[in-house]
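Biologist: I am new to this structure. Please take one part of it, the place where the ligand is held, and go through it closely.

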Amino acid sequence: MWRAEIDGAQQGRTQASLGTIAEAFEIPAPVEAIAPYGRGLINDTFRVEAGGTRYVLQRINGAVFPDPLRIMSNIQALDRQARQHPDLGFQVPALIATRAGDVGLRAPDGNVWRLMTLIEDAVNLPRIETPEQAREVGRLLGRFHTLLQSLPADALGVTLPGFHDTPAYLARFLSVLERIEGARTDPAVATCVRFAIDRQALARRLADARNRGEIPVRVIHGDPKIDNILFDRDSGRALALIDLDTLQPGLILHDIGDCLRSCCNHSGESADGRTQVAFDLAVAETILHAYAEQTRDWLSPEEIALIPEAIRLMPFELGLRFLTDHLDGDRYFKVAEPGENLRKAGIQFALVTDIEGKAADIKAMVSRCFQTP
Ligand code: GN1
Ligand code: MG
């Protein structure tokens, strides 16, 4: 017998169908328990228990990821890479095959499901609270990027076309704005809309540098936010970067900027008003210092010089994406209530403003981190 605690309204699936999906994979049947898991905004995620082992079951959002099976082959490539470099101590969740021997299960409704082992004795942190945690984040991201450097960028398939294409996000925002009557003048959104329009030029900075060939395309994680970093429950060491759906060719600067965007804003993406939205320079310096120790041998001077731009760009990009989704009827990011995407856009834009005020300090901080010791 298996037990499930599923939020029916959220998932719209019966307990029985989830159990049947899990049991299509090579696990000891029957499934004993299934419960919603994590805080992802795109896929549906469940924790499954069977035969005393815990797994992560996910429905990959087919409206976002055009070729879910490509995600799985990228994860397998990372896994092979991690096995060849055990010294980097990097854990990759293992994909469990279906009973038919496939890496994913295409359900009759067309959705693709996957099952992975759950990394045990690992926790994620709601926020960075100690310098040791910040150091661990930097070390982990640095080791992850170093591990991926020996892969040519085109060794991995593109799982999400247009991801971190800030000019394309801007173009989409502008076209949604055109389409929606009164969007520019609606007082509820006016401040955010104005903010985005005023900073249009920012959207092109990294894309232009890439198009001019100044910075290389490398394999990146795509979403190294604090929620996706697992720490060992006892030792506090950072163990793994999970949520590997956007592991694909991209700019290292997107990962660095996104990790700092997430880890250096203690109020989080949904700021409850108790902590001010601000970019914590000390945490950023500790993360980046540890990151530099792992990567300074191969990271190019052009990439290092653009880190301050990336720090400003990533909250701008995410704010733009939240705002566009709000204007467009909340079709991309999951929301618990109407207006949530707009509020989250405002938080990312407040972070951009704080970062702009600290521009000189950020520049000096980045140079200190990458000085040869
Ligand atoms: C989304 O699904 P989730 O929560 O891992 C998004 C990221 C955003 C993040 C913000 C594929 O990630 O780009 O930074 O929300 N992923 C995708 O929390 O769009
Ligand atoms: Mg993600």
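Modeller: The centres of domain 1 and domain 2, taken over C-alpha atoms, are 26 Å apart in this predicted model. Where the two domains touch, 25 residues of domain 1 and 29 residues of domain 2 take part in the contact. By the domain assignment, domain 1 covers 18-118 and domain 2 covers 131-370.

This arrangement bears on the ligand. Ligand 1 lies between domain 1 and domain 2, because both of them give residues to the shell around ligand 1. The site is also a pocket: ligand 1 sits in the largest pocket.

Next, the shell itself. There are 16 residues around ligand 1, and those that come nearest are Lys225, Asp243, Glu269, Arg321 and Tyr332. By residue class, the shell holds eight nonpolar, six charged and two polar residues.

From the side chain of Glu269, an N or O atom is 2.6 Å from an oxygen atom of ligand 1. The backbone also takes part. Leu41 has a backbone N or O atom 2.9 Å from an oxygen atom of ligand 1. For Ile42, a backbone N or O atom lies 3.2 Å from an oxygen atom of ligand 1. As for cover, ligand 1 taken alone exposes 450 Å², and the protein buries 95% of that.

Definitions and conventions
Residues numbered from 1 in each chain as written. Chains lettered and ligands numbered in written order. Predicted model: local features only at pLDDT ≥ 70, side-chain atom pairs only at ≥ 80, totals over all residues. Heavy atoms only, no water. Near = heavy atom within 4 Å. Polar contact = N/O pair within 3.5 Å; in protein donor to acceptor, adjacent residues only side chain to side chain. Areas by Shrake-Rupley, 256 points an atom, 1.4 Å probe, with all protein chains shown as cover. 1 Å grid on protein atoms, 1.4 Å probe; cavity = no way out; pocket = protein on both sides within 12 Å on 5 of 7 lines; lining within 4 Å. Sits in = over half its atoms within 2 Å of the grid points. Nonpolar A, V, L, I, M, F, W, Y, C, P; charged D, E, K, R; others polar. Domains from an automatic or database assignment. Contact = heavy atoms within 4.5 Å.
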